[in-house]
Amino acid sequence: MSDEEPPVPEEVLKSAKDQLDKEEISLADNEEILHALSELTPVYENDRSYFVLGNYDREPIRRLNLVVDRLNRRQDAYAFRMVDIRGEWDNSIQKFCLIADIVTYLVGVAEKEPSDFLVEQGLLVGTTEYFAKSHVLKREYEDEEHPFGWMQDGVFELFDQDGRLYRWQTEEQLVDVTAELP
């Protein structure tokens, strides 16, 4: 990454910041968060940890789970999804940030379905620390030049410029690009 801050689509960053600022956390919420994070002991017990983000709809979650499975096959590595951390979290942005702070890598599996990880993408490129440890596995669609829209295209361009955007179309290609991750 260069010394300059990457240009961030303002709407993506503003949306992420607005959601983060909406709620304050109570002492009871904080205790619940600490309990849930204690479940992440494997993050500290392994050399590498991967927080895998993506779409939880029926078909895309299969591919998300495929990425988690492949990463977990690595020696001294631990991969997981946000839903793997139990607890009732009122503010998913706080949950994301707390987890993102402690992992080695953030891995986004991007598909064009509507329940993608758009807000988190804003945080990935809007926070230097998160951007530096993030990788995006972007699904390519035949006959569609811009299936994600201009805001996400801007995010993908930043990762591509930094050599951390991996393109795939089939599940076999998804396995291959997952193998390229550090």
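## Aromatic pairing

F96 is buried, and Y130 is buried as well. In this predicted model, the two residues form an edge-to-face aromatic pair, with 5.8 Å from centre to centre and 80° between the planes. Because F96 lies in helix α5 (residues 92-102) and Y130 in helix α7 (residues 128-132), the pair ties together parts that are 34 residues apart in sequence.

Both residues also belong to a cluster in which ring pairs link F51, Y78, F80, F96 and Y130, and the count of aromatic pairs comes to 8.

K138 is found in strand β4 (residues 134-139), and it counts as buried because its relative accessibility is 11%, the cut-off being under 20%. The side chain of K138 makes a polar contact with the side chain of E140, at 3.3 Å. Leaving aside neighbours within four places in sequence, K138 is in contact with A110, F148, F156, L165, Y166, R167 and W168.

## Helix α6

Helix α6 (residues 118-126) is largely enclosed by the rest of the structure, because 7 of its 9 residues are buried; these are V119, E120, Q121, G122, L123, L124 and V125.

## Confidence

The protein averages a pLDDT of 84, and 82% of the residues score at least 70. Over residues 1-9, however, pLDDT stays under 50, and for this stretch the model has 14 contacts beyond four places in sequence.

Methods:
Residues numbered from 1 in each chain as written. Heavy atoms only, no water. pLDDT = per-residue confidence, 0-100. Contact = heavy atoms within 4.5 Å. Buried < 20%, exposed > 50% of the residue type's maximum accessible area, 1.4 Å probe, protein only. Helix = DSSP H or I, 4+ residues; strand = E, 2+ residues; numbered from the N terminus. Polar contact = N/O pair within 3.5 Å; in protein donor to acceptor, adjacent residues only side chain to side chain. Phe/Tyr/Trp six-rings, centres within 6.5 Å; stacked < 30°, edge-to-face > 60°.
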